[in-house]
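Thanks for making time this morning.

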Amino acid sequence: MDYSKIFILLALLVGLISMLWFVIAALMEERVPTLHPGEYIFDYVVVGAGTCGSVVASILAKHSNATILLVEAGEKFGILSKVPLLATFQQKGINDWGFLSTSQLHSSKGLEDARQCLPRGKGLGGSAQLNYMLHFDGYEGDFERWSNELNLKSWNWSSVKPFLKAGTARPFERLDIKPDYSLLAKAFNDASVEFIDKPWQFRKAQYNIKNGLRFSVYQRFLQSAYKQKNLRVMLNTYAKSIQFALNQDTQKNVYAKSLWLSTKDDKSGKEYNFEIRIGREIIVCAGAYQTPQLLMVSGLGRHSELEKIIGNVPSFLSEVPFVGQHLHDHLNLPLYVSIDVVGPTLNQRSLLSPLSILNYLTTGGGHMGNFGVLGHMENFGRNLSDTYGLTFFGAGAIDESVLMSISNFKKSHFRALFPRYYNTSQEGFVMISTCLQPASRGNVKIQSANVKKHPLIDPNYMAEKVDVECTIKAIRAGIEVVTSDAFSSLDIKIHWPRIKECIGLLGNNLKQNQPTDEYLECLIRHVGLGSHHPGGTCKMGTTIDNSVVNEQFKVHGFDKIRIIDASVLPTPVSGNPNSILVGMALRGAAMVLKDHLNDAEDK
């Protein structure tokens, strides 16, 4: 009897049933409480339904009687977003803004035009519906630095930790990669024991995945808020500009008066522009690229630069010079490591196995039930230049067409980085080295008063030499881990990329996996890839001379406007930032609610 055919037929049957379930579940979802174009007034207007906007809008709707409008330029994500392993295939699709960086001076030399792809989620849930779903609890040192060095006293670890904990999904709403998941996961776990005397912190990968499906802020927060009668949502609607006004009583205070929106009629294609009046506050949650863009087209920033693009800026608007400045992001160096045993790791054989498909469709487990990252290792040093991390991505076969389309690699550099790209059954993994506290800073600028025109984004990766040195420390730590006894049974081989610009710098110690620092720097500057963790472009601080918002997320010198998203991060997060942003959004929403209740009591 041919059992393989039986398994295939069974997998197909379960697949059909699963697809039917997806359709039924979609039909049973709470309907989005949409609003048609028109002139309205809302107590709170939230711009952007991404990670922070979804949290803020849902919390305000559930815990107040105020009216809330949530404005989103995209629409709902499709079924593709639910299956964890298919996250990559959403990039450059209808739910991705599809940003590209400007040509980089100090990095990205192995990418077309030296430009990085910068995916950002466009739709309900934002980048939380597009990302790789990895959870990070947060690092105490990040927040203590904010408190002690940046004088953000209310943002110390003890003040922030309860909100981070509240924002973390419950254990049954998360997926933890355990040592018995694969031989590679076991080796990673064994390494944590072997290197127990090192200051390195090993942690298993944790995902925001429930029952084999993405479980992001959209599912956890926003969907359940749809039944609140005080919440309305506008989809496929762009926030064009914020209108500010001078308080006529004081002749000093400037406040956010209204928000101009633009949307198109689905049938006629006609564009409608209309004004929403702001009752209490506008809360901008459009992300590290588009929040500064919206502020700049509205007149907030450096006036001399803005007036060249948007025309005259009202004289009563104070300059907010840090809008769009201070952009930070992590840059990763991927290194391919092959193994000569069946991991199993991600490749065509493991993915198309009938048992693997059946496992996912019946239990939500196996390769399709996560993104392939098995674990992380961090070194939190006293010096920022000693704060680095490693990520172990269990992919043996790297699909050339897929990765090149979302990374912008030149073909020659891709093939040098992944020399076994042609072997669809290859076993192996990618070791990703990262400087977690880069010193380099970039910026976001507008090139038009029209928000539909993408902003100019310059991450300025590796502008500071210290970032290169920090990343090299991460690489050398990674070499020590993968050549340890813990990994010896896998028979690993590190494939050092033979990039023509770098090959002459390799040195004589390649057999010991100890290439020169000059060679490693060359790799970093040629094939390093952005982590898609942007922040800092409306940084939090103490005054308008060093930041954009204060400790309560309020824009310095302006009333009735807050910014709650990654743009306020004064420094990078020492890990994946999504869960940290959820906790910060919860805290921001609590601040808004507190002010709301205090004002109600005063009346």
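I will start with the disulfides, then go to the helix packing, and finish with the glutamate.

Keep in mind that this is a predicted model. A search of the whole structure turns up two disulfides. As a reminder, a disulfide is a covalent bond between the sulfur atoms of two cysteines.

Take the pair Cys435 and Cys470, where the sulfur atoms are 2.4 Å apart. The cut-off for calling a disulfide here is 2.5 Å between the sulfurs, so a separation of 2.4 Å falls within it. This pair links distant parts of the chain, with Cys435 in strand S17 and Cys470 in helix H13, 35 residues apart. Which hand does the bond have? The torsion about the S-S bond of Cys435 and Cys470 is about 100 degrees, so this disulfide is right-handed. Cys435 and Cys470 are both buried.

Now the other pair, Cys502 and Cys522, with sulfur atoms 2.0 Å apart. This link, too, joins distant parts of the chain: Cys502 sits in the loop between strand S20 and helix H14, Cys522 sits in helix H14, and 20 residues separate them. The angle about the S-S bond is -80 degrees, and the link of Cys502 and Cys522 is left-handed. For burial, Cys502 has a relative accessible area of 0% and is buried. Cys522, at 9%, is buried as well.

If you number the bonded cysteines of the chain in sequence order, the pairing reads 1-2, 3-4. What about Cys538? Cys538 is in no disulfide, and the nearest cysteine sulfur, that of Cys285, is 12 Å away. With 0% relative accessibility, Cys538 counts as buried. Cys117 is buried too, with a relative accessible area of 7%.

H13, which carries Cys470, packs against H14 at an angle of about 110 degrees, and the axes are 10 Å apart. That angle makes H13 roughly perpendicular to H14. On the H13 side the contact involves Lys465, Val468, Thr471, Ile472, Ile475 and Arg476, and these meet Asp517, Leu520, Glu521, Ile524 and Arg525 of H14. Sorted by class, the contact of H13 with H14 has five nonpolar, one polar and five charged residues.

The other helix contact is between H3, residues 140-149, and H4, residues 157-167. Their axes are 9 Å apart, at an angle of about 135 degrees. H3 and H4 are therefore oblique to each other. The crossing of H3 past H4 is right-handed. From H3 we have Glu140, Phe143 and Glu144, which meet Trp157, Val160 and Leu164 in H4. The residues of the contact of H3 with H4 divide into four nonpolar, no polar and two charged.

Last, the glutamate. Where is Glu427? Glu427 lies in the loop between helix H12 and strand S17, the strand that holds Cys435. Is Glu427 buried or exposed? At 4% relative accessibility, Glu427 counts as buried; the limit for buried is under 20%. Setting aside neighbours within four places in sequence, the contacts of Glu427 include Tyr336, Ser338, Ile339, Val341 and Val342. Also among them are Gly343, Pro344, Thr345, Asn347, Arg349 and Gly396.

That is where I will stop. I am happy to go back to any of these on the screen.

Conventions. Residues numbered from 1 in each chain as written. Predicted model: local features only at pLDDT ≥ 70, side-chain atom pairs only at ≥ 80, totals over all residues. Heavy atoms only, no water. Helix = DSSP H or I, 4+ residues; strand = E, 2+ residues; numbered from the N terminus. Buried < 20%, exposed > 50% of the residue type's maximum accessible area, 1.4 Å probe, protein only. Contact = heavy atoms within 4.5 Å. Axes fitted to C-alpha atoms, helices over the stretch in contact; angles between N-to-C directions. Parallel < 35°, antiparallel > 145°, perpendicular 65-115°, else oblique. Left-handed = near helix turned anticlockwise from the far one by under 90°. Nonpolar A, V, L, I, M, F, W, Y, C, P; charged D, E, K, R; others polar.
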